[in-house]
Amino acid sequence: NEQMKTSSFGLKRFIASRFLSALADQFLLFVVPLAIFKSTGDVKYSGLAFVIEWLPRILFFPLAGFFVDRMKARLLFFGVEAGRALVLVAALGLIAGGARPFVVLAVMMAILSIAYILNFVGTEAVLPRNLEPSELPKAHAMLQGVDQLTMVLGPALAAAVSVWGGLNPILILGASLFGLSSLLLLGLKTRSVTSDQQFSFAALRDSNRTALKVLLENKVLFQLSALTWVVNLIYGAALVVSASVVLKVYALPEGYFGLLQVAAAVSSIAAFAAVPGI
C-alpha cells in the first residue's frame, strides 16, 4: 500500500523536475549578476539588482504558506515552472526589442524570486501530504542531493555559457530548463488539503499574526532566523561584488567567475558534510 501511494505521487518525476528547476535557479543566480555588470560596467547596478530581487523574496516569504495551502499542488508547481519559462521568454523579447537589459533582468529576477518561494514552500507542504512517513527521509535526502549537485553544476554551466557571450543563450537555456521542469509535472498526482478559509485579508492577517507569535515566543527559532538573515546578507554581498572583482580588478575572462563560484559551491558542500562530525 505504501509503495502504491509513493508510485501514485510520482516521486522520481517530482525529483527530476526539481533538479531542472534548481539547476536553472543556480545558473541564473550566478550568470545574471555577471550579465548586468557586463552590460553596465558598474558594480552599483549589480547591487541594486540584488536589492530588487531580494526585497520581494523577503516580503513574500511570510505570505507563501497562506497561498500554498489554498491552491492545488499540481497546478501550483506546473504554474510556477511554466510561468518562470514564460518570464524568461518575455525578457528575451523585451531586450531584443530595445529595452534596457538592467531593468528587464532586475524585474525578471524579482518575479523569479517569488516563484522560487512558492516552489520551496510548496515542496515542504506537498511531500508530507503525499508520502508515507517512512518515505519522507528518503525524499528529503534526494532533494538535498539535488540541491547540492546543482550548487556545483549551476555555476559550471554559467561559466560555459558565458564563453558564448550575449544574453540570448542565457535566457534561452534558462527558459528551456524551466519549461522541461513544467512538462515533468503534468502527470503529477497529488492530494491537497482543502483549507477551511478562503483568500481574504482577514485570513492572511490572522495567519501571519499566529506565525509572528510563535516566532517571538521561541527564542531559539528567532535567533536562528536572525542568523540566517545575516548569513544571506553576507552571501548576497559577496555574490554581487565577485563579478566586478574577477572582471575589473583582476581583469580575468568571464569563465574564471564561473570557476570561482564552482569552487565556492564545492567548499560549501564539504562544509555541510563536515558539520555532523563536529
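In this predicted model, the protein chain has a mean pLDDT of 84, with 93% of its residues at 70 or more. Among the elements of the chain, the lowest mean pLDDT, 53, belongs to helix H1 (residues 2-9), and the highest, 95, to helix H7 (residues 168-184). The pLDDT falls below 50 over residues 1-6, a stretch that makes nine contacts in the model beyond near neighbours in sequence.

The largest nonpolar core comprises 39 residues, of which Leu28, Val32, Leu88, Leu105, Met108 and Ile170 touch the most other members. At least two residues of this core come from each of H2, H4, helix H5 (101-130), helix H6 (136-164), H7 and helix H9 (219-249). The greatest contribution is that of H2, which supplies 13 residues. Leu28 is in contact with Pro33, Leu88, Met109, Leu112, Ile170 and Phe178, when residues up to four places away in sequence are not counted.

Helices H2 (residues 11-40) and H4 (residues 73-96) pack against each other at an angle of about 35°, and their axes lie 12 Å apart. The crossing of these two helices, H2 and H4, is left-handed. On the H2 side the contact involves Phe14, Ser21, Asp25 and Leu28, which meet Phe77, Glu81, Arg84 and Leu88 of H4. By class, the residues of the contact between H2 and H4 comprise four nonpolar, one polar and three charged.

Terms used
Residues are numbered from 1 along each chain as its sequence is written. This is a predicted model: local features need pLDDT of at least 70, side-chain atom pairs count only at pLDDT 80 or more; totals for chains, interfaces and linings use all residues. Side-chain values use heavy atoms; hydrogens and water are left out. Axes are lines fitted to C-alpha atoms, for helices over the stretch in contact, and angles run from 0 to 180 degrees between N-to-C directions. Helices (H or I, at least four residues) and strands (E, at least two) are DSSP runs, numbered from the N terminus. A crossing is left-handed if the near helix is turned anticlockwise from the far one by less than a right angle, and right-handed if clockwise. Contact means heavy atoms within 4.5 Å. Ala, Val, Leu, Ile, Met, Phe, Trp, Tyr, Cys and Pro count as nonpolar, Asp, Glu, Lys and Arg as charged, and the others, Gly among them, as polar. pLDDT is the predictor's confidence in each residue, from 0 to 100. A nonpolar core is a set of buried Ala, Val, Leu, Ile, Met, Phe, Trp, Tyr and Cys residues joined through side-chain atoms within 4.5 Å. Buried means under 20% relative accessible area, exposed over 50%, partly exposed in between (1.4 Å probe, protein chains only).
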